[in-house]
Structure formats: C-alpha cells, structure tokens
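I opened the model and kept short notes on what I looked up. The entries follow in the order I made them.

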Amino acid sequence: MGGSGTLLALARTISDDEHICYVQDVVVNPAHHRRGIGRALIEHLMRRYSHCRFFLLSTDHESSPEGRRNYAFYRSLGFLSYEEKQMAGFGLPRHRPDLRETTP
C-alpha cells in the first residue's frame, strides 16, 4: 500500500506447490501502470513456483482491448497460449443455472 492507504498491486495464486501453480489475479492500480510492477510480481511468482510442472493463467481474449494489452504483456514474459503449447483449457459458461437448489 502506498502512503495514502490505497492498494498499489496484488497477485494471487492457487497451487499445490508441486504440480501446478495457477495465477488467479495480477492487478496493478492503473495510476501505476507501465512501471514494471506487474512484471516484478509475475517474475517473482515464476521464480517461487519454478519447480511446478505447470504455471498457468487465464486472461481476456486477444480480440478485446484489455486482451490485446494483456497478451503483449504475458508474451513479453515468455508465456505461450494453450494452443501453442499443444494443450487445451476448458471452462463453464459464466451464466448457468444455480444447481445448489436442485435436489438429486
């Protein structure tokens, strides 16, 4: 946090510390973009979890304005798309029925 008490940046991961490290969030306060903060966070995580078999993250599609910027950023750090690594990623649609209320 800065002197004003506002959050400068954060990075969150989920990992079993052996097989996979999933970078859940990398967020930098927009007032501090392009200062190397996001790069420093990712590079720290890459070192911290270098022993894990998979180091993964998800981001917006390249066709969106944020996606274009994110793709360029992650590529500059050596990341490849799942397709380029001959892998596949899957997800459920964002809007789906709430199944918690359903009884079997």
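**Strand pairing.** I began with Thr13, which stands opposite Val23 in E2. I also looked up Ala11, and its bridge partner in E2 is Val26. Strand E2 covers residues 20–28, and seven bridges join E1 to E2, the two running antiparallel. Two strands count as paired if DSSP finds at least two bridges between them. The strands themselves are DSSP runs (E, at least two residues), as are the helices (H or I, at least four residues), and they are numbered from the N terminus.

**Source note.** This is a predicted model, in which local features need pLDDT of at least 70 and side-chain atom pairs count only at pLDDT 80 or more, while totals for chains, interfaces and linings use all residues. Residues are numbered from 1 along each chain as its sequence is written, and side-chain values use heavy atoms, with hydrogens and water left out.

**The turn.** Next I followed the chain from E1 to E2. The two strands form a hairpin with four residues between them. Asp17 lies in the loop between E1 and E2. I noted its phi, which is near 60 degrees, a positive value in a residue other than glycine. Asp17 is partly exposed, with a relative accessible area of 33%. For the record, buried means under 20% relative accessible area, exposed means over 50%, and partly exposed is in between (1.4 Å probe, protein chains only).

I then turned to E3. E2 and E3 pair in the parallel sense over four bridges. Within this pairing, Tyr22 stands opposite Leu56 in E3.

**The whole sheet.** Which order do the strands have? I wrote down E1-E2-E3, an open sheet of three strands with mixed pairing. The edge strands are E1 (9–15) and E3 (54–57), and each pairs on one side only. The twist averages 25 degrees from one strand to the next.

**Leu57.** I stayed in strand E3, where Leu57 is found. Leu57 is buried, at 14% relative accessible area. I also checked the gap from Leu57 to Lys85: the two are 28 residues apart along the chain, and their C-alpha atoms are separated by 13 Å.

**Aromatic rings.** How many aromatic pairs does a search of the whole structure find? The search finds three. Rings of Phe, Tyr and Trp (its six-membered ring) pair if their centres lie within 6.5 Å; planes under 30 degrees apart count as stacked, over 60 as edge-to-face and the rest as tilted. I looked up Phe55 and Phe79: their ring centres are 5.9 Å apart and their planes lie at 45 degrees, so the pair is tilted. This pair links distant parts of the chain, since Phe55 is in strand E3 and Phe79 is in the segment after helix H2 (65–76), 24 residues apart. Phe55 counts as partly exposed at 22% relative accessibility, whereas Phe79 counts as buried at 16%. Ring pairs link Phe55, Phe73, Tyr74 and Phe79 into a cluster.

**Phe73.** Phe73 is partly exposed, with a relative accessible area of 25%. Its C-alpha atom is separated by 9.1 Å from that of Gly38, 35 residues apart along the chain.

**The two helices.** The axes of H1 (residues 37–48) and H2 come within 11 Å and cross at roughly 50 degrees. That makes H1 oblique to H2. Axes are lines fitted to C-alpha atoms, for helices over the stretch in contact, and angles run from 0 to 180 degrees between N-to-C directions. Angles under 35 degrees count as roughly parallel, over 145 as roughly antiparallel, 65 to 115 as roughly perpendicular, and the rest as oblique. H1 passes H2 in a right-handed crossing, meaning that the near helix is turned clockwise from the far one by less than a right angle.

**Arg48 and Tyr49.** The charged end of Arg48 sits over the ring of Tyr49, 4.3 Å from its centre. The rule asks for NZ of Lys or CZ of Arg within 6 Å of the ring centre and within 35 degrees of the ring normal.

**Gln86.** My last entry is on Gln86, in the segment after H2. Its phi is near 55 degrees, a positive value in a residue other than glycine. Gln86 is exposed, with a relative accessible area of 77%.
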